[in-house]
Amino acid sequence: MTTSSHGKTSAAKARAPLELVPRARSARTNVIPSLTALVGRHEVLARLAAHVADGHRLLTLVGPPGMGKTRVARAFLEAHGARYATHGGAYFCDLSEAKTESDLTFAIANLVAAKVPEHAPAVDAIARLEEIVADAGAMILVLDNFEQLTFAATLVRRLCAVAKDLVVIVTSRERLSVEGEVVVELPPLALPDEGATELESEATRLFLDRARQAGARLLDDPEAVARDARYVVDIVRKLEGIPLAIELFAARTRLHSAKDLSARLAREDGLFATVRRRDDSRHGTLEGAIEGSWSLLAPEERDVLARCSVFAGGFSTDVFTATLGEDALDALASLRDKSLVYATPTGRVAMYTSIRVFAAKKLAEAGEDHVNAVRGTHAAALATMAAAFVDSRNMPEKTGKVAPRFGDLRHEKENLVAALAHVTSRPRAPETLAARADLAAALALLLVLPAEDLEGELGAALDAFGDEGEPIRRVGLLLARQSVRNALGKYRDCQSDLASIRAMTGLPLELRALARVYEGIQLRYQGRAAEALPCHEDAARELEGQGFARLSAMNTACMGRLMCDLGDAARARELDGLAFASSEAAGDVWLGALCLANLAQVEQEAGAFEAAKRLLERAFERLRDVGETHYEAIYAGVLGDLFLEAGDLEKARPWYAHGARFLNRFATHRQTGILHAAAAALESECGDFVAAVAHLEKARACADRVDNPVVRLVVSLHTTTVSLLRAPTDERSRVAASADLRALSDGHGEDTHVYRTSLDVRFAARILRRTLTKLSTAPEARRAVIFVASTTRTYVSPEGTTIDLMRRGSLYRILEALLDRRENSPDRGLSVDELFTAGWPGERVLAAAAQTRVRVAVATLRKLGLRDVLVTRDDGYLLSPDVTIVRDAR
């Protein structure tokens, strides 16, 4: 039954006497078409229809306040009600005013039957209702707003049991939990990607549709729509796709721009309470809708919901119990059943922002001291987890603490940040300083914030901690900061932090050794392998016989990777094999994965691509299992390298993309630059030079930010690969690249030491060498060419041989004369006299001596690489007309 907005009467007074015999009705439906279009929800409607087609007859559509349950149920009734209306009927029953089982009974009866005396016994009314629906035939009934009547769910089940052709769709914030019920959870509307400019998602389409209905001015101008698109995207993302919230905010576009609404939402300045509808809907404001759910909660459920407002970005059950206690789990489960919290696809629990803001207000009503106590408990729980995690990274032999895994703690990013903000705001005390140190160090090791922000936070924590603080925590902060500074390419600062640790007295041996290990890692990152090796050897001596098996295995794995960089494959296999065996014995999945990846790179450089692929895939799966997203991204790039070198370009591309998705979000300049440079080479081989140039721009930006010869040389080599493939007939560039690459690998280039000590550089060189080989065998590259670098008196023969004539003046002048004749009069030879005059200008000798000198010079030039192009004819000597001369190639 419906009531007007002018003085709603109670359900009991609204009951009219029910006749004992059903009266005939011309239209067995009360469905009225909606005045607004349903945006989206096609998947949910299809699921409901599929369940009904499969014979399910009791479906509960559940979701939190404002999710649009009523609208979806009405849409389903509008779409499918007609075939029921000609039989038993199609009815929509609003139960928002019903409070008792009797209210429920009479509300249904008044729709599907004739009148019954108001004071008829409930048991008789229920029995009569069962008879009516059993005899009615095919009927569909929507019971809307059932959450305050879940105690009467057995009545609905009984109706379905006696009426075999009855379909009941219930909308509720809580499931009925009765036999035969199929629960369909209503999700938020599909959201656009962050930063999107296209307004094609369900959420943005709803916003635009309701804004248009409200007469928003922004929709009159297509350019304004395009300009405000990013703000509309931001609004619907902040509103988390909740339809009621989107509709309410869209109506505000009559007065506010999308930019203004987005800014006000960022402040969370009470808009959930003030933005309201003008109609008589029971959901006048989103906060009002949530208040209705709050009123139905038991006291312990209200307390838990209010305290849950301190969680940011969702939470795991471990964090929940550490903050609220094991006893609160039952209340949390009840809140889940009532749609006030929800489970994420990763198994975490979360609250929609509107509900969290409402719960925070309820928490604040208990007073500031209570709020600080709850936030303090939350911060202490996160700090304890952070400390265990930092210890597991810095002191892996330490026992007595169960450390959270990297991936699990990384999910708590927002909670860690909120906890850090709380302890930073509290008065200075030993416990808050310790918590601040642990939280800051964990955030840095997790790489969940921009590196520049992390460096600043770590510095502030160190300053607050002071020299008198607990040494181990100070070391934790220094180790975390050197890791962040490494990502930023601040290598001197890294070494300074590590030197500070080594200079501290009274430290546990394993921390001093760990600092030495990190010194070696930092030096290797910079291509200084010769200097890195003594660091690891020192650490090995310090750890020998001390019982630190896991730390020793880590150091051994680092030495194995170093041997791989130095090109000692046998020693690399030996060391990484030992480290892998130790990590397996200790159950260290993360370290074992790194050992496998090291071994894979040894096999890749040896050309054993299948063996490398198997090892890398094993390593990658291990890293994914423990949630080590940073290393997962790095080795996704290595897998891309492997497939690129193996020639499987289509498999390489998604691996590079996978790695870039993580690395692009954080300032890890070395790894990011190397990955994008390799991805550029891949795209150029695929012929997509637009993508290749885009990758190169990112790679060069990274190279510019760090003083790292490895990154610089890798980017340079891959840039050359892209340039050659972009202009495959450019002989000048091809020969210059060949000469540079030969100098690099033969030990004559200025970067030879980097080439010999960096696996990444040698990989880039192999890709360039493959490109040169490919281009040199192409039909357009087979023409004989002599490349000339005049300033250095260097030549490259058609065979690829470099001819250095800097100190051989006579040969240089003779070759230059031949080159000039070839360019100016290609069909005329140079006589012996002309060549002698060119080679030994101003000298006077007998003709025979002159002839001998010229013959020896010509023979020498042929021996140096011009055998096939320096020809003898009757008119003298000349370079073959088929040869091409390319001057100043270098």
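Leaving aside neighbours within four places in sequence, Pro841 is in contact with Arg813 and Phe836. The model is predicted. The protein has 890 residues, and 54% of them count as buried. Its secondary structure comprises 41 helices and 13 strands.

**Around Pro841**

- Pro841 sits in the loop between α40 (832-839) and α41 (847-866).
- Its contact partner Arg813 is 28 residues away along the chain, and the two C-alpha atoms are separated by 9.3 Å.
- Pro841 has a relative accessible area of 52%, so this residue is exposed. The cut-off for exposed is over 50%.

**Whole-protein figures**

- Among contacts in the protein with a separation of 6 or more, 69% join residues 24 or more positions apart.
- The protein exposes about 39000 Å². Carbon and sulfur atoms supply 50% of that area.

**The five-stranded sheet**

- An open sheet of 5 strands runs in the order β2-β3-β4-β1-β5, with parallel pairing.
- β2 (89-94) and β5 (181-185) stand at the edges. Each has a single partner strand, so one side of each is left without a neighbour in the sheet.
- On average, neighbouring strands of this sheet are turned by 15° against each other, direction ignored.
- Strand β1 (residues 58-62) and strand β4 (residues 166-172) run parallel and are joined by 5 bridges.
- Within that pair, Leu58 stands opposite Val168 in β4.
- Helix α7 (residues 153-162) packs on the sheet and touches β1, β3 and β4. The direction of α7 makes about 160° with that of β4.
- Helix α5 (residues 101-112) lies across β2 and β3 (139-144). The angle between α5 and β2 is about 145°.

**The β11-β12 hairpin**

- β11 and β12 form a hairpin, with 2 residues between them.
- Strand β11 (residues 870-873) runs antiparallel to strand β12 (residues 876-879), and 4 bridges join them.
- Val871 stands opposite Leu878 in β12.
- As a general point, strands of a sheet pair through backbone hydrogen bonds, either parallel or antiparallel.

**Nonpolar cores**

- The largest nonpolar core holds 178 residues. Leu305, Cys308, Phe320, Leu439, Leu644 and Tyr656 touch the most other members.
- Helix α21 (residues 430-446) gives the largest share of this core, with 11 residues.
- Leu305 has contacts with Trp294, Leu297, Leu335, Leu340, Met351, Ile355 and Ala359, leaving aside its neighbours within four places in sequence.
- A second, separate core has 32 residues. Its members include Leu104, Val133, Leu149 and Leu176.

**Cysteines**

- The count of disulfides comes to 0.
- Cys558 is in no disulfide. The nearest cysteine sulfur is that of Cys595, 9.0 Å away. The cut-off for a disulfide is a pair of sulfur atoms within 2.5 Å.
- Cys558 counts as buried, because its relative accessibility is 14%. Buried means under 20%.
- Cys686 has a relative accessible area of 30%, so this cysteine is partly exposed.

**Positive phi outside glycine**

- Ser177 is not a glycine, yet has a positive phi of about 60°.
- The place of Ser177 is the loop between β4 and β5. At 58% relative accessibility, Ser177 counts as exposed.
- Ser339, another residue other than glycine, has a positive phi near 65°.
- Ser339 lies in the loop between α16 (329-337) and β6 (342-343). With a relative accessible area of 7%, Ser339 is buried.

Key:
Residues are numbered from 1 along each chain as its sequence is written. This is a predicted model: local features need pLDDT of at least 70, side-chain atom pairs count only at pLDDT 80 or more; totals for chains, interfaces and linings use all residues. Side-chain values use heavy atoms; hydrogens and water are left out. Buried means under 20% relative accessible area, exposed over 50%, partly exposed in between (1.4 Å probe, protein chains only). Contact means heavy atoms within 4.5 Å. Two strands pair if DSSP finds at least two bridges between them. Axes are lines fitted to C-alpha atoms, for helices over the stretch in contact, and angles run from 0 to 180 degrees between N-to-C directions. A nonpolar core is a set of buried Ala, Val, Leu, Ile, Met, Phe, Trp, Tyr and Cys residues joined through side-chain atoms within 4.5 Å. Accessible areas come from the Shrake-Rupley method with a 1.4 Å probe; for residues, only the protein chains shown count as cover.
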